[in-house]
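Work through these exercises with the structure open beside you. Try each task before reading its solution.

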Amino acid sequence: QIKEEQHMNKPKVYIDGKEGTTGLQIYDRLAAREDIQLLLIDEDKRKDAAERKKLMNAADLVFLCLPDEAAREAVKLVENPNTCIIDASTAHRTHPDWAYGFPELSRVHREKIAQSKRIANPGCHATGFIAAVYPLVAMGVIGKDYPLTAHSLTGYSGGGKAMIAEYEAAERPFTFDSPRQYGLGQQHKHLPEMQHVTGIDAPPVFMPIVCDFYSGMATCVPLISSLFQKKISKAELLGMLAEYYKGAGLVGIGQEESGFLAANPLQDSNRLELYLEGNDERMTLVSVFDNLGKGASGAAVQNMNIVLGLEETTGLM
């Protein structure tokens, strides 16, 4: 009976859209945990709105791993005021009533996540860009009018099941052997949150690049110190960033001495490391992380832990 009562008192968690890449990764991080109760839908009812609604309203916390429009519709199904929603889609990332799920950015971000019932999980490319640019703006290093550009390398898992199947097919175009730029029209879906969260006047000129490796990401922001708001050397800026993210847990400062910076060393990890390379005049600030970890499912589970009052790295590698 005691065991049964303990089971009843565990927070109930439901993943809506468990079959997609993000949903499966969240499930993998939660399945073995004994501090939560995972609610599972019968396979033949996973598209049954009534059954989904029942489970969502029975849950303390719901992950939405759905396309944007489906996520907006799913939110309407939740009538229980105590149910917290963490949305992994793009649908609510710039919505004023939703907390932005990047706790390391500031004490205010962390507190909003802890207190909110509606949390928007960041996008993968956006995570890398915002991790680099938010502190630069917050510390007054660059103005909101700084002409930002960024390029971001991602493993093909960032494109979900369809792209994974394309890259892992027995026969595929020879062009897949090479890095491929996409989002060529400067309309990438992560641009609105990049601008909104950092508070910059205009979105960056952004070049996402998909490469022939499964997961990992390196988001690079070039910097010209003559355009800074104050004169700062590379060493001084590195010290400021290290102080900004001091004690941040899953975000820290990396050091690369090989002369090469790869996009996949944090594969299967939930960490993000910032590298400041270059010289006092021209620098590159590079966020290295896993697009499936800190860039998606790892961040979602971290946000869940904060909401439930658990140690935030619980269940994360």
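**Exercise 1: A loop residue**

Leu 40 touches Lys 18, Tyr 27 and Leu 55, where touching is contact, heavy atoms within 4.5 Å, and residues up to four places away in sequence are not counted. This is a predicted model, in which local features need pLDDT of at least 70, side-chain atom pairs count only at pLDDT 80 or more, and totals for chains, interfaces and linings use all residues. Residues are numbered from 1 along each chain as its sequence is written, and side-chain values use heavy atoms, with hydrogens and water left out.

Step 1. Leu 40 sits in the loop between β2 (37–39) and α3 (49–58). Helices (H or I, at least four residues) and strands (E, at least two) are DSSP runs, numbered from the N terminus.
Step 2. Recall the cut-offs: buried is under 20% relative accessible area, exposed is over 50%, and partly exposed is in between (1.4 Å probe, protein chains only).
Step 3. Now check a distance. The C-alpha atoms of Leu 40 and Lys 18 are 9.2 Å apart, and the two residues are 22 apart along the chain.

**Exercise 2: The largest core**

Task: name the residues of the largest nonpolar core that touch the most other members.

Step 1. A nonpolar core is a set of buried Ala, Val, Leu, Ile, Met, Phe, Trp, Tyr and Cys residues joined through side-chain atoms within 4.5 Å.
Step 2. The largest core has 40 residues; Phe 129, Ile 130, Ile 142, Leu 223, Phe 228 and Leu 237 touch the most other members.
Step 3. Elements supplying at least two residues each include α6 (124–138), α8 (191–198) and β10 (217–224). α6 gives the most, with ten residues.
Step 4. Look at Leu 223. Beyond its neighbours within four places in sequence, its contacts include Leu 136, Tyr 146, Phe 228 and Leu 237.
Step 5. A second, separate core has 20 residues, among them Val 13 and Ile 15.

**Exercise 3: Helix α8**

Task: list the buried residues of α8 and find what they pack against.

Step 1. Leu 191, Glu 193, Met 194, Val 197 and Thr 198 are buried in α8.
Step 2. They pack against β5 (99–100), α5 (107–115), α6 and β9 (205–211).
Step 3. Just after α8, Gly 199 has a positive phi of about 80°.

**Exercise 4: Positive phi**

Task: say where Gln 186 and Asp 268 are found.

Step 1. Most residues other than glycine have a negative phi.
Step 2. Gln 186 has a positive phi, near 55°. It is in the loop between β8 (180–181) and α8. At 31% relative accessibility, Gln 186 is partly exposed.
Step 3. Asp 268 also has a positive phi, about 70°. Asp 268 is in the loop between β11 (251–253) and β12.
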